[in-house]
Amino acid sequence: RIVDVSQFPRQVVTVAMLVVLDAGSSLCAALNAAVAALLDAAVPLNAIAVSVEGRSGSTAAASITFDANTNAILAAESHGPMKLDELEACFVDAEAKLLERRALLPRVSPCEGRVPTSTAGSSSSA
């Protein structure tokens with residue numbers, strides 16, 4: 001679980017996605033969009049999940065989700081049958097893509113229970 005549910009007792013956090021067209025990597029795109037939405041909403045997270053697709057040759061592929069801060073693997077899903085060496089090649093490819101993308105982005109860290117202050121709803125008298 002990447003959402004810190006201890007701060008939300010007896011509540012459910014639901015993120016719904018609608019995939020209109022699946023031209024490959026839709027799972028990765030959906031997961032990355034969900035994490036971005038949670039970060040934008042200032043939901044406290046235990047980890048920043050980043051999903052990339054790893055490939056081995058032209059046929060074998062796997063969606064691999066990493067913790068962006070520790071490189072720990074959070075989840076992996078293969079797209080069809082593959083041999084162990086193909087799966088290992090997918091992991092190597094996915095990790096290389098993750099490191100390449102990480103170099104382009106600023107360092108991010110999970111929210112630490114911060115709740116944004118909102119000025120919406122506050123009124124000022126003139």
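Me: Which residue is the bridge partner of F66 in strand 3?

Reply: The model is a predicted one. In it, F66 has I73 of strand 3 as its bridge partner.

Me: How many bridges join strand 2 to strand 3, and do the strands run parallel or antiparallel?

Reply: Strand 2 covers residues 60–67 and strand 3 covers residues 73–78. Five bridges join them, and the two run antiparallel. They form a hairpin with five residues between the strands.

Me: How should I read a phi value, and what is phi near in N71?

Reply: The general idea is that most residues other than glycine have a negative phi. N71, in the hairpin of strand 2 and strand 3, takes a positive phi near 65 degrees.

Me: What is phi near in R10, and where is R10 found?

Reply: R10 has a positive phi near 60 degrees, and R10 is not a glycine. R10 sits in the segment before helix 1, which spans 26–40. With a relative accessible area of 85%, R10 is exposed.

Me: And where is A42 found?

Reply: A42 belongs to the loop between helix 1 and strand 1, the latter being 49–56. Its phi is positive too, near 60 degrees, in a residue other than glycine.

Me: How do I read burial, and is A49 buried or exposed?

Reply: Burial is read from relative accessible area, and under 20% counts as buried. A49 is at 4%, so A49 counts as buried. A49 lies in strand 1.

Me: Which residues is A49 in contact with, leaving aside neighbours within four places in sequence?

Reply: A49 is in contact with I2, L31, N32, V35, T65, F66 and L74.

Me: Which residues make up the largest nonpolar core?

Reply: There are eight: V3, V35, L38, V43, L45, I48, A49 and A68. Take V35 as one of them. Apart from neighbours within four places in sequence, V35 is in contact with I2, I48 and A49. Another core lies apart from the largest one and has seven residues, including V52, A62, I64 and L98.

Me: Is D67 buried or exposed?

Reply: D67, found in strand 2, has a relative accessibility of 11% and counts as buried. Not counting residues up to four places away in sequence, D67 touches A47, I48, A72, L74 and R102.

Me: Is P81 buried or exposed?

Reply: The cut-off for exposed is over 50%. P81 has a relative accessible area of 84%, so P81 is exposed. P81 is in the loop between strand 3 and helix 2.

Me: How do I read a salt bridge, and which residue does K97 form one with?

Reply: The general idea is that side chains of opposite charge can pair when their charged atoms come close. Here K97 forms a salt bridge with D93, and the closest N and O atoms are 3.4 Å apart. The count for the model comes to one salt bridge.

Me: Where do K97 and D93 lie?

Reply: Both are in helix 2, residues 84–104, four residues apart, about one turn of the helix. K97 is partly exposed, at 26% relative accessible area. D93 is also partly exposed, at 24%.

Me: What do the totals for the protein chain come to?

Reply: The protein chain has 126 residues, and 26% of them count as buried. Its accessible surface comes to about 8,700 Å², with 57% belonging to carbon and sulfur atoms. Of the contacts with a separation of 6 or more, 54% are between residues 24 or more positions apart.

Me: What is the mean pLDDT of the protein chain, and which element has the lowest?

Reply: The mean is 75, and 79% of the residues reach 70 or more. Among the elements, strand 2 has the lowest mean, 80, and helix 1 the highest, 85. Over residues 113–126 the pLDDT is below 50, and this stretch has four contacts in the model beyond near neighbours in sequence.

Notes:
Residues are numbered from 1 along each chain as its sequence is written. Side-chain values use heavy atoms; hydrogens and water are left out. A nonpolar core is a set of buried Ala, Val, Leu, Ile, Met, Phe, Trp, Tyr and Cys residues joined through side-chain atoms within 4.5 Å. Buried means under 20% relative accessible area, exposed over 50%, partly exposed in between (1.4 Å probe, protein chains only). Contact means heavy atoms within 4.5 Å. A salt bridge is a side-chain nitrogen of Lys or Arg within 4 Å of a carboxyl oxygen of Asp or Glu. Two strands pair if DSSP finds at least two bridges between them. Accessible areas come from the Shrake-Rupley method with a 1.4 Å probe; for residues, only the protein chains shown count as cover. pLDDT is the predictor's confidence in each residue, from 0 to 100.
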